[in-house]
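Q: Please take a close look at the contact between the two chains. I would like one connected account, from the contact as a whole down to a single residue beside it.

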Amino acid sequence: MSDYLYLYRGGNRTGSPEDMQQVMQRWIAWIQDLQAKGFLKNAGEPLEDGGKVVRNRTTVTDGPYVESKDIVGGFSIITAESLDQAAELSSGCPIFDVGGIVEVRPVLEFNL
Amino acid sequence: MDPTEHLFRRESGRMVAALTRIFGVHNLSLAEDVVQDAFYRALEVWKFRGVPENPSAWLMRTAKNRALDLVRRDRNIRRFAPDIESLLSSEWTLAPFVAGAFEEHSIQDDELRMMFSCCHPDLPEIAQVALILNVCCGFSISEIASAFLVSQSAMEKRIARAKKVFTHSKRLFELESGADLSARLDSVQRAVYLLFNEGYHGASSQASVRADLCYEALRLGDQLLGHRLAATPATQALCALMAFNAARLRSRVDQNGHLASLLDQDRTLWDIHLIELGHRRLSESATGCEASSFHFEAAIASIHASARNFEETDWSAIVSLYDVLLSIQPSPVVALNRAIAIAQAEGPERGLEEIHAIVDGERLLEYPFFKAALGELEMRTGRLESAAKRFQAAMALARNPSERDFLQERLRVCRETSPSIV
């Protein structure tokens with residue numbers, strides 16, 4: 001088993017109160033399901049949109065300003081057999097219902 | 001019921017009300033943006049950490065903090081509610097005022113102010129109801145459009161026009177002035193009843209959508225009852241009437257999704273708690289010397305709710321109530337319902353006589369249940385051929401698939417009784 005990072009990018013953020021609540025409830029159900037099946041290592045955290053970008057120690061700017069479809073809104077860490085399985089497991093993610101994407105990145109393994 | 005069911009929708013109206021009080025009516029869209037932002041934050045945080053212990057308080061706190069940030073950032077470049085501008089300008093008063101605006105009792109008053117403000121006299125009733133649904137009840141434009149079976153763009157225009165009137169009204173409706181409140185209370189009651197009826201008889205074929213509208217109307221009725229000056233006997237009667245009718249919601253549609261008439265409804269499905277609530281409200285409404293049309297409609301509904309079956313209904317009591325109702329609210333639809341009650345009490349021939357004698361009866365020619373009532377009573381007198389023609393004519397007027405199915409079924413029964421009819 002190896003660890004994989006899910007990066008949640010983009011996705012429409014507006015909608016009727018009822019729609020937004022339903023998206024939220026689908027997320028909770030999906031995360032709970034991953035947990036129940038033993039795939040969830042860390043549910044993760046949401047991220048604020050903005051922040052600071054630091055370059056070469058002295059240059060600090062506000063940002064990053066990227067297109068809304070590329071904004072990373074949060075992350076989770078899961079445990080799976082393979083990258084294929086990790087990608088497969090993300091298919092139930094509700095972010096797809098609102099036009100966002102999940103980026104699946106294997107955590108680099110260090111085997112001596 | 002799951003306490004988080006429709007949570008966002010419910011909290012939406014409460015947050016918009018508190019924020020509009022702070023920002024001013026001209027900043028309604030800013031208040032709506034803050035609410036949208038609070039929901040987005042809730043969605044983001046709760047999906048990872050689960051729904052908090054008190055989700056409603058979490059949302060309120062988020063909206064309150066965002067309001068404080070916004071006022072601090074924009075108070076020199078933007079005008080907020082004119083009557084509280086001095087409170088917002090100083091740090092000494094800003095935080096306590098905004099905190100106070102999000103206290104429960106303050107939110108309740110603001111929700112009521114919003115409801116009264118939505119019933120602006122410059123707006124047609126149907127626009128008042130649409131605005132209430134959008135602003136006070138958190139329904140999106142497309143949800144309202146589908147409930148009223150109108151196009152999204154038509155509803156968008158209707159609500160945009162209504163919001164223009166709202167945002168130009170200078171300030172939220174003042175509840176403290178008893179005279180103003182009484183003057184507008186009539187329109188507020190009518191709007192709430194219209195909303196209820198849209199759910200009860202309305203166009204949408206989705207039973208769940210319609211039940212939601214009815215429950216929203218009950219909730220708005222409760223809000224009115226929560227205010228000393230708005231809780232008049234007429235408001236009590238309106239709430240009684242809605243409770244009695246809402247009690248029958250589950251049985252109005254049978255297991256095949258077809259409309260069931262009062263005669264065919266499974267009365268064991270009626271909601272006893274709502275019927276009890278109706279009786280309680282009705283007895284509370286019997287104070288003072290004011291008897292509104294709601295009083296008589298509620299009294300009629302209470303007789304239906306108390307009858308064990310259709311046959312045991314006290315039809316002569318219902319007829320007398322309709323007599324009074326017709327005298328204070330002369331309308332052909334009331335007259336038609338009275339005629340149907342007379343048919344139950346005194347036989348179909350008497351009912352038909354009354355229907356043909358309706359003053360202004362021509363106003364009912366486009367109403368499918370006018371023809372259907374004629375067909376129903378003619379069927380009972382054995383004039384099946386004529387009855388079948390009435391049902392066919394009624395079907396041509398049906399406003400939605402469930403009405404059409406209902407009339408189709410009556411036509412089928414009519415043909416079954418007399419196979420010679422084509």
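A: A polar contact here is a pair of N or O atoms within 3.5 Å; within protein, one must be able to donate a hydrogen and the other to accept it, and residues adjacent in sequence count only if both atoms are side-chain atoms. The model is predicted. On that definition, eight residue pairs are in polar contact between chain A and chain B, with both residues at pLDDT 80 or more.

Three elements of chain A each give two or more residues to the side that touches chain B: α1 (17–36), β2 (40–46) and β5 (72–80). Helix α1(A) gives the most, with eleven residues. By type, the residues on this side of chain A are eleven nonpolar, nine polar and five charged.

Now the contact as a whole. Chain A supplies 25 residues and chain B supplies 23. Together the two chains bury about 1900 Å². Carbon and sulfur atoms account for 62% of that area.

Charge pairing comes next. The rule finds three salt bridges across the interface of chain A and chain B. One of them joins A:E48 to B:R41. Their closest N and O atoms are 2.9 Å apart.

Leaving out residues up to four places away in sequence, B:R9 touches A:P17, A:E18 and A:Q21 in chain A, and B:C137, B:G138, B:F139, B:D212 and B:E216 in its own chain. With B:D212 there is a side-chain to side-chain polar contact at 3.3 Å. B:R9 has a relative accessible area of 5%; the cut-off for buried is under 20%, so B:R9 counts as buried. In sequence, B:N134 is 125 residues from B:R9, yet their C-alpha atoms are separated by 9.8 Å.

Last, the nonpolar packing. The largest nonpolar core has 140 residues. B:L19, B:F23 and B:F116 have the most contacts inside this core. Its largest share, 13 residues, comes from helix α2 of chain B, residues 28–49. Apart from neighbours within four places in sequence, B:F116 is in contact with B:F173, B:L175, B:L181, B:R184, B:L185, B:V188, B:L224 and B:A230. Another core lies apart from the largest one. That core has 14 residues, among them B:L384, B:A387, B:A398 and B:F406.

Technical notes:
Residues numbered from 1 in each chain as written. Chains lettered and ligands numbered in written order. Predicted model: local features only at pLDDT ≥ 70, side-chain atom pairs only at ≥ 80, totals over all residues. Heavy atoms only, no water. Contact = heavy atoms within 4.5 Å. Buried area = accessible area lost by both parts, 1.4 Å probe. Salt bridge = Lys/Arg side-chain N within 4 Å of Asp/Glu carboxyl O. Helix = DSSP H or I, 4+ residues; strand = E, 2+ residues; numbered from the N terminus. Nonpolar A, V, L, I, M, F, W, Y, C, P; charged D, E, K, R; others polar. Core = buried A, V, L, I, M, F, W, Y, C linked by side-chain atoms within 4.5 Å. Buried < 20%, exposed > 50% of the residue type's maximum accessible area, 1.4 Å probe, protein only.
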